[in-house]
Amino acid sequence: MSRGEEEQIPLHIPDAPNRPGDSSSFEPWKWHPNDLKKPEFDCVADETFEHATGLVRVLDDNGEALGDWNPNLTTEELKLGLEHMVRLRIFDDRMMKMQRTGKLSFYMQSFGEEGIAIAQTMALNDKDWIFPTYRQPGAQFVRGRDMVSMICHCIGNVEDNVKGRQMPVHYTYKEGRFISVSSPVGTQFSQAVGVALASKYKNLDEVTITWIGDGASAEGDYHYGLNFASVFKAPVILNVVNNHWAISTHYNIASGSNNFATRGLAYGIPCFRVDGNDFLALYSVTKWARERAKLGFGATHVEILTYRAGAHSSSDDPSRYRPSNEHEYWPGGDPIERLKDHLIKNSHWTEKEQKDLEEKIDQEVISAYKEAVKYGDLANGPYPSSDTIFTEVYESVPWHLQEQWDEMKKWRTE
Ligand SMILES: Cc1ncc(C[n+]2csc(CCOP(=O)(O)OP(=O)(O)O)c2C)c(N)n1
Ligand SMILES: [Mg+2]
């Protein structure tokens, strides 16, 4: 008798553990900052098995920085990291309000994930290449991008540096080696490996960092990237941000295991799982991976364990598919609160200074917005010329596009 005649074995389609109306709960973490030592830079993948199945942490639940991974940053560096995270959160908050009042067409926040790109970019050298997703705009603050220019891009006005050809938050910042965010998710992962190989071929002291989401890591690009990075020992830092969700899809539909970090071990790449809401752990693992890459030992693969505290985007309503306050139960807490508490615990910061900082940045964002709309707002323009559909792709425009361009000129009213 063949299977199926009598009984059908159902196809396994995982569902999210908690849906709206369910109570939220996460297992309390069993990992502590002192658990894991730093491996040697020339370690082989197997030597990082514990790092991939455990969790690299520096900040404990009381705001103390402990263990081998403590990067011992100066107070100034810690305050700068805190300031950038606060800047990103307030910026996001204001921009979301702009979207809700029709001043932007679309927006995506980094709520709960502010530490990731900020800590990791601070751990790099200025010439290192950044291949982000839409969830790492904070790297631009570290690289010195002007907020007015970021808002002009989000509006798509005449000062938008990509001339309205990208969706909002799909930033490009050439001066900061921040490569254009791609709407088709995942493409940056294998491209980053290619650029890292080019740096190595040219014998430059440049490392590439890239990120991919838990959901997008189910795509081929992720696996091509890992394989090339492994075979050619590319100087690249490959991060999977496991924030539990890919829009409304739980991570358990992107991976059959509960762990994304260990996947790199099969490719022979050292792997770490890191507390994604711990600024110091993120900084430290990235510094280690940069040093390994620089010394010629190749790639590092990192799972950044976090929780997407906000909506996927301005088009999403997470209360329809998950318990609405689930992020409050995340054992990793909030990245800003944790770094702030650490500074306060060591008497380097006060609640009053925090409040003053937030007010200062709020003013900075409001005045940047006012400045940006001088170059055009969403409702009234001015917008980049429709000619930009045809310019800056080909050195000389092919005849068939020239025909379309001429046709457009006959009809346009702008
Ligand atoms: C190739 C491709 N498929 C689908 C989409 C639609 N889409 C945009 S974001 C997204 C979810 C990505 O989730 P994840 O990779 O976990 O990143 P996160 O948004 O959580 O940072 C999807 C499915 C897309 N943009 N590109
Ligand atoms: Mg995700």
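**Reading loops, helices and contacts**

Visitor: Where is the place of K163?

Guide: K163 sits in the loop between α5 and α6; helices (H or I, at least four residues) and strands (E, at least two) are DSSP runs, numbered from the N terminus. This is a predicted model, in which local features need pLDDT of at least 70, side-chain atom pairs count only at pLDDT 80 or more, and totals for chains, interfaces and linings use all residues. Residues are numbered from 1 along each chain as its sequence is written, while chains are lettered from A and ligands numbered from 1 in the order in which they are written.

Visitor: Is K163 buried or exposed, or something in between?

Guide: The label is a neighbour count: a residue is buried if 20 or more other C-beta atoms lie within 10 Å of its own, exposed if 12 or fewer, and partly exposed in between, with C-beta atoms placed from the backbone. K163 has 19 C-beta neighbours inside 10 Å, so K163 counts as partly exposed.

Visitor: What is the phi of K163?

Guide: Phi of K163 is near 55°, a positive value in a residue other than glycine. V169 is not a glycine either, and has a positive phi of about 65°. V169 also lies in the loop between α5 and α6, but is buried, because 22 other C-beta atoms lie within 10 Å. Just after α5, G156 takes a positive phi of about 80°.

Visitor: Which residues does R177 touch?

Guide: Two residues are in contact if their C-beta atoms, placed from the backbone, lie within 7 Å. Leaving aside residues up to four places away in sequence, R177 touches K127, D128, W129 and I130. R177 and W129 are 48 residues apart in sequence, with their C-alpha atoms 5.3 Å apart. R177 lies in the loop between α5 (147-155) and α6 (187-201). Its 18 C-beta neighbours inside 10 Å are why R177 counts as partly exposed.

Visitor: What covers the buried residues of α5?

Guide: The cover includes α2, α4 (138-142) and α10. The buried residues in α5 include M150, I151, C152, H153, C154 and I155.

Visitor: How many residues of helix α3 are buried?

Guide: Nine of the nine residues of α3 (residues 114-122) are buried, so this helix is largely enclosed by the rest of the structure. Among them are E114, I118 and T121.

Visitor: How is the packing of two helices described?

Guide: Two packed helices are described by the angle between their axes and the distance between the axes. Axes are lines fitted to C-alpha atoms, for helices over the stretch in contact, and angles run from 0 to 180 degrees between N-to-C directions. For α3 and helix α8 (residues 279-294), the angle is about 45° and the axes are 8 Å apart. The two helices are therefore oblique to each other (under 35 degrees is roughly parallel, over 145 roughly antiparallel, 65 to 115 roughly perpendicular and the rest oblique). The crossing of α3 past α8 is right-handed; a crossing is right-handed if the near helix is turned clockwise from the far one by less than a right angle, and left-handed if anticlockwise.

Visitor: Which residues of α3 and α8 meet?

Guide: From α3 there are G115, I116, A119, Q120 and M122, and from α8 there are F279, L282, Y283 and T286. Their contact has six nonpolar, three polar and no charged residues (Ala, Val, Leu, Ile, Met, Phe, Trp, Tyr, Cys and Pro count as nonpolar, Asp, Glu, Lys and Arg as charged, and the others, Gly among them, as polar).

Visitor: At what angle do the axes of α2 and α10 cross?

Guide: The axes of α2 (residues 75-100) and α10 (residues 351-373) cross at roughly 50° and come within 9 Å. That makes α2 oblique to α10, in a right-handed crossing. On the α2 side the contact is made by E83, V86, R87, I90, F91 and R94, and on the α10 side by L357, E358, I361, D362, V365 and Y369. This contact divides into seven nonpolar, no polar and five charged residues.

Visitor: What kind of peptide bond joins G381 and P382?

Guide: The bond is cis, with omega about 5°. P382 is found in the loop between α10 and α11 (399-411).

Visitor: How is the protein divided into domains?

Guide: Domain 1 covers 45-313 + 327-383 and domain 2 covers 386-414, with bounds from an automatic or database domain assignment. Taken over C-alpha atoms, their centres are 37 Å apart.
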